[in-house]
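Here is a friendly set of notes to read beside the structure. Take the points in order, and keep the view open as you go.

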Amino acid sequence: MSVKKERRSYLIGYVLALILTLPVLGLTASGALPRGTLLWVAGVAAVVQIAVHFRFFLHIRLKGQTREDLHLILFTTLILALMGGGTIWIMADLAARM
Amino acid sequence: MNTRHPGLNLGAHHGAADDAAEVEIFGFWVFMMSDAVLFGLLMATYVSFLGATHGGPGPQTLFDLRSITVQTVLLLTSSLTMGLAQLAMKHEEGTRRIVVWLLVSLGLGGAFLALEMHDFLSMIDKGGVPQASGFLSAYWALVPLHGLHVASAGLWMLAILGQMAWYGVDDGVKTGLLRLGVLWHFLDVVWIGIFTIVFVGGLA
């Protein structure tokens, strides 16, 4: 891939990152959305932005690289979902029962 | 496009450095992913303690969203300039260009840390110390840990700049800079989690 193309890929990633970040912070500051909606918007924007960073800055793709790398990342995501999600679930459940 | 290891690949014309990178970058990714689990669990802890302010100051009193916005832009921009430094190295555009982009990244990272430190001090002024509540303990375990990572990455960059001055852009510098790039971009990903969960989640 040419330098120009690669440089453009970083710039696209950067612009997308700003687009996914600044409106969320603006919405939080303005208080225009109800809490539940804002959290959903922020959560979806964050997941998309993480995907953008992996794609444009860290060059992780679903195809074209050795399989171990993708396994490593997907396994970490699974562990995080189990342990992080489990922690939040159990602690919220305990708090609700107290 | 086929790549040999996750992240930016130098390409075959870099010879031995490209071969060495395959094992070294993958190993660094394993370490990075273990770090991701650590950060993820601290975020889960923070979510569990959100609201557990125990009569102490809460997010509305302590967080400065404007400062967080500036910090976010600084960190995102430093990720771009870090990428440009790596591209300059990959395409052999000259040592000067690599050094300039690295110094810009370092400056942006330093500005981020200065703002963050300012926020920490103003939080302490308002009584937002770690021992004040479960919420604040969780906050201080998570956010300064990210700052510590950014500071360490800055020190690492200084070391690489020193190596470049001493040895030139040799194989060790190349693979080192590739690993630093992975860390730098990874810290950006962690920051996305932090500003979404800690700051937006806390203030929403």
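**Notes for a first look**

1. Helices here (H or I, at least four residues) and strands (E, at least two) are DSSP runs, numbered from the N terminus.

2. A word on the model itself. This is a predicted model, in which local features need pLDDT of at least 70 and side-chain atom pairs count only at pLDDT 80 or more, while totals for chains, interfaces and linings use all residues. Residues are numbered from 1 along each chain as its sequence is written, chains are lettered from A and ligands numbered from 1 in the order in which they are written, and side-chain values use heavy atoms, with hydrogens and water left out.

3. Next, the record for chain B. UniProt, in an unreviewed entry, lists residues 26-203 of chain B as "domain: Heme-copper oxidase subunit III family profile". UniProt positions are given in the numbering used here, feature names are shortened, and annotations may be inferred rather than shown by experiment. In the model, residues 26-203 of chain B are 85% helix and 0% strand, with end C-alpha atoms 38 Å apart. The unreviewed entry also gives "transmembrane region" at residues 26-48, 68-87, 99-118, 138-161 and 182-203 of chain B. Of these, residues 68-87 of chain B are 100% helix and 0% strand, and their end C-alpha atoms are 29 Å apart.

4. For chain A, UniProt lists "transmembrane region" (unreviewed entry) at residues 12-32, 38-58 and 70-92. Residues 12-32 of chain A are 90% helix and 0% strand, with 29 Å between the end C-alpha atoms. Residues 38-58 of chain A are 95% helix and 0% strand, with 28 Å between the end C-alpha atoms.

5. Where do the side chains of Arg7(A) and Glu93(B) meet? They meet in a salt bridge, at 2.9 Å from N to O. Arg7(A) belongs to helix α1 (residues 3-30) of chain A and Glu93(B) to the loop between α3 (65-90) and α4 (95-125) of chain B, so this pair joins two chains. A salt bridge is a side-chain nitrogen of Lys or Arg within 4 Å of a carboxyl oxygen of Asp or Glu. Arg7(A) is partly exposed at 27% relative accessibility, and Glu93(B) is partly exposed with a relative accessible area of 27%. On this scale buried means under 20% relative accessible area, exposed over 50%, and partly exposed in between (1.4 Å probe, protein chains only).

6. Glu93(B) has another partner. The side chains of Arg97(B) and Glu93(B) form a salt bridge of 3.5 Å, N to O. Shared partners join Arg7(A), Glu93(B) and Arg97(B) into one network of salt bridges. Arg97(B) is partly exposed, with a relative accessible area of 39%.

7. Within chain B, a further salt bridge pairs the side chains of Arg179(B) and Glu24(B) (3.1 Å, N to O). Arg179(B) is in helix α6 (residues 171-203) and Glu24(B) in helix α1 (residues 16-49) of chain B, so the pair ties together parts that are 155 residues apart in sequence. Arg179(B) is partly exposed at 22% relative accessibility, as is Glu24(B) at 32%. Over all chains, the count is five salt bridges.

8. Now for the rings. Rings of Phe, Tyr and Trp (its six-membered ring) pair if their centres lie within 6.5 Å; planes under 30 degrees apart count as stacked, over 60 as edge-to-face and the rest as tilted. This rule gives 14 aromatic pairs over all chains. In one of them, the ring centres of Tyr139(B) and Trp140(B) are 5.9 Å apart and the planes are at 80°, so the pair is edge-to-face. Tyr139(B) is buried, with a relative accessible area of 2%, and Trp140(B) is buried at 16%. Ring pairs link both into a cluster whose members include Tyr46(B), Phe63(B), Trp191(B) and Phe199(B).

9. Finally, Ser152(B) is in helix α5 (residues 134-167) of chain B. Ser152(B) is partly exposed, at 41% relative accessibility.
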